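Open the model in your viewer and keep the selection tool handy.

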Amino acid sequence: MTAHKMRIDQQLQDSLAYIRRFTQIQPRIGLILGSGLGDFADTLENADKIATSEIPHYPPSTVEGHKGYLVFGTVRGIPVVAVQGRTHFYEGHRIDQVAYVVRIMDLMGVKKLIVTNAAGGVNPYFQPGDLMIIVDHINFLFRNPLRGPVVPPEPRFPDMYANYHPPYIELLESIGLELGIPLKKGVLFVSTGPSYETAAEVRMVRRLGGDAVSMSTVPEVLVARARGMKVAGISCITNLATGISATPLSHDEVTQIANRVKNTFQKLVRELILRMDKTD
Ligand code: HPA
């Protein structure tokens, strides 16, 4: 065993040992809650809330509007874990640290993951407040959390086909229709931030095939897919990206709009959990 692998394994074991002292819940579904979307975790039943700052080796969260908690709980009896206050690359962490929680989740038995984020709309048909089913992503972080020695069971060259599990995309579409929640579909383009894009960069994103821009999600999805987890992704379009909108952007605007669609978002996620749990 390499020193690196021993180190990661040991770190994960330390983290798990700490977590298990505070919860009996064995989650089947994991959720990563984006900017302004964290309140979903407060709706879980039988919740055990663990501050991530107390978990050994867990990278600290530093963003306003992002509380750092792992919340274990149930949704109609289905055991889940939610990350309230995710870790971002722009905070200065190594890219593999940003996805650390996904390895923890996998080791706890989570095989299904819901990733969410706030994103700027690049597709001209998108409006602030829209919810977008993520169908694919473009990794413009130019970093990969899987770089370095292989961490089994992750393969050296993980396949990236159908990263966003097609049956989950279909589930989301039917939930949208049944609950009367209009949903967009699109490709998420992710760059490092923390500055928002320039208008010229947004034109580039559009030409390269992105429908929405964000600063997160990709690291977690790469690790989840390498570990064979099935992923569903939802972006909350909190603003029109620079240049598409005529006004300057602020983080306040992002959290305000996320807050406005909070109830709809929570209804969608709740129903998704119920239906995901019934599928393989
Ligand atoms: N760009 C990048 N990330 C974002 C945006 C944006 O316009 N809105 C919310 N997160």
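Select strand β1, residues 29–33: five of its five residues are buried, meaning under 20% relative accessible area with a 1.4 Å probe and protein chains only. Strands here are DSSP E runs of at least two residues and helices are H or I runs of at least four, numbered from the N terminus. This is a predicted model, where local features need pLDDT of at least 70, side-chain atom pairs count only at pLDDT 80 or more, and totals for chains, interfaces and linings use all residues. Residues are numbered from 1 along each chain as its sequence is written, and side-chain values use heavy atoms, with hydrogens and water left out.

Now colour the two faces of β1. I29, L31 and L33 lie on one side, G30 and I32 on the other, and all are buried. In a regular strand, side chains alternate between the two faces of the sheet.

Click on G30: V81 stands opposite in β4, while L113 is its bridge partner in β5.

Finally, show helices α4 (residues 166–179) and α8 (residues 262–278). Which residues of α4 meet α8? Look for Y168, L171, L172, S174, I175, E178 and L179, which meet K267, L268, E271, L272, R275 and M276 in α8, with contact meaning heavy atoms within 4.5 Å.

Technical notes:
Buried means under 20% relative accessible area, exposed over 50%, partly exposed in between (1.4 Å probe, protein chains only). Two strands pair if DSSP finds at least two bridges between them.
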